[in-house]
Amino acid sequence: MPRPDPLELAWITIDCPHCGERYDAPTDPSAGSTSYVEDCAVCCRPIVVDLIVDADDDLVEVRVRREQD
Ligand SMILES: [Zn+2]
């Protein structure tokens, strides 16, 4: 019997708008469409991540931008 995963984490690829590096980060699409700030894993500057999630909790779009934009 498969065990349900309570976290349902999805991995997104973040293209840092500051340093241009790309890395993967876990995110939780079950919270719905949201925006949050994540520090770049490479340069540690804040990145605003916009998650667009549909009614089935599927991630449809990820946008990243600088905090001051
Ligand atoms: Zn960076």
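Two strands pair if DSSP finds at least two bridges between them, and strands here are DSSP runs of E of at least two residues, as helices are runs of H or I of at least four, numbered from the N terminus. With that in hand, welcome to a predicted model, in which local features need pLDDT of at least 70, side-chain atom pairs count only at pLDDT 80 or more, and totals for chains, interfaces and linings use all residues. Residues are numbered from 1 along each chain as its sequence is written.

**Overall make-up**
- The protein has five strands and zero helices, in the order β-β-β-β-β from the N terminus on.
- Of its 69 residues, 7% are buried (20 or more other C-beta atoms within 10 Å of a residue's own, with C-beta atoms placed from the backbone).

- Strand β1 (residues 10-15) lies largely in the open because zero of its six residues are buried.
- β1 pairs with strand β2 (residues 22-27) in the antiparallel sense over six bridges, and Trp11 has Pro26 in β2 as its bridge partner.
- Six residues separate β1 from β2 in this hairpin, and Gly20 in the turn has a positive phi of about 80°.

- Strand β3 (residues 34-39) is antiparallel to strand β4 (residues 46-53), with six bridges; Glu38 is bridged to Ile47 in β4.
- The β3-β4 hairpin has six residues between its strands, and Cys44 in the turn shows a positive phi of about 70°.
- β4 also pairs with strand β5 (residues 59-66), antiparallel over seven bridges, where Leu51 stands opposite Val62 in β5.

How values were computed: Buried ≥ 20, exposed ≤ 12 C-beta atoms within 10 Å, placed from the backbone.
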